[in-house]
Amino acid sequence: MATTDLAHELARTLKESDQFKHFLKSKEKVMSDANNHKMVREFQLKQWEIREAQMLEQEISEEKQQELERLYSLVSINPTAREYLEAEFEVSCMVNDIQKIIGEAIQDALPIGFEEMNS
């Protein structure tokens with residue numbers, strides 16, 4: 001079987017997985033309610049903002065950290081929002097595992113000079 005055929009089969013398998021189906025259902029629930037959608041969106045945007053600052057090694061203000069904690073508290077007590085975030089995390093873990101497996105399989109294909117970075 002050609003490599004691209006296997007990739008398409010993997011994509012189909014992912015889409016048909018229980019985790020992905022659960023994610024889509026929970027996403028639909030969140031999207032169907034404006035308040036839930038707004039809450040999850042605000043939480044994820046703040047989370048992204050803080051992650052980006054951390055990656056750039058910027059200092060994160062106490063105010064931003066408290067805002068994220070406040071938003072997390074709201075999300076965690078809301079069953080619909082919490083279910084969505086848990087489902088999203090499961091799918092993300094599944095994709096990360098696949099990326100790791102593929103990355104390990106092709107690590108010898110790294111351009112010259114990058115192999116030290118992967119050690």
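Colleague: Which residues is Val40 in contact with, leaving aside its neighbours within four places in sequence?

Modeller: With those neighbours left aside, Val40 is in contact with Val30, Ala81, Tyr84 and Leu85; please keep in mind that this is a predicted model.

Colleague: And which residues have the most contacts inside the largest nonpolar core?

Modeller: That core has 14 residues, and those with the most contacts inside it are Phe23, Val40, Phe43, Val75, Ala81, Tyr84 and Leu85.

Colleague: Which elements give two or more residues to this core?

Modeller: They are helix H2 (18–31), H3, helix H4 (62–77) and H5, and the largest share, 5 residues, comes from H5.

Colleague: Switching to geometry, at what angle do the axes of H3 and H5 cross?

Modeller: The axes of H3, residues 34–55, and H5, residues 79–105, cross at roughly 45° and come within 10 Å, which means that H3 is oblique to H5; the crossing is right-handed.

Colleague: Which residues make the contact there?

Modeller: On the H3 side they are Asn36, Met39, Val40, Phe43 and Gln44, and on the H5 side Thr80, Ala81, Tyr84, Leu85 and Glu88, a set that divides into 6 nonpolar, 3 polar and 1 charged.

Colleague: What about H4 and H5, how do they pack?

Modeller: Their axes are 5 Å apart, at an angle of about 100°, so H4 is roughly perpendicular to H5. Val75, Ser76 and Ile77 of H4 make this contact with Pro79, Ala81, Arg82 and Leu85 of H5, and these residues divide into 5 nonpolar, 1 polar and 1 charged.

Conventions: Residues are numbered from 1 along each chain as its sequence is written. This is a predicted model: local features need pLDDT of at least 70, side-chain atom pairs count only at pLDDT 80 or more; totals for chains, interfaces and linings use all residues. Side-chain values use heavy atoms; hydrogens and water are left out. Axes are lines fitted to C-alpha atoms, for helices over the stretch in contact, and angles run from 0 to 180 degrees between N-to-C directions. Helices (H or I, at least four residues) and strands (E, at least two) are DSSP runs, numbered from the N terminus. Angles under 35 degrees count as roughly parallel, over 145 as roughly antiparallel, 65 to 115 as roughly perpendicular and the rest as oblique. A crossing is left-handed if the near helix is turned anticlockwise from the far one by less than a right angle, and right-handed if clockwise. Contact means heavy atoms within 4.5 Å. Ala, Val, Leu, Ile, Met, Phe, Trp, Tyr, Cys and Pro count as nonpolar, Asp, Glu, Lys and Arg as charged, and the others, Gly among them, as polar. A nonpolar core is a set of buried Ala, Val, Leu, Ile, Met, Phe, Trp, Tyr and Cys residues joined through side-chain atoms within 4.5 Å. Buried means under 20% relative accessible area, exposed over 50%, partly exposed in between (1.4 Å probe, protein chains only).
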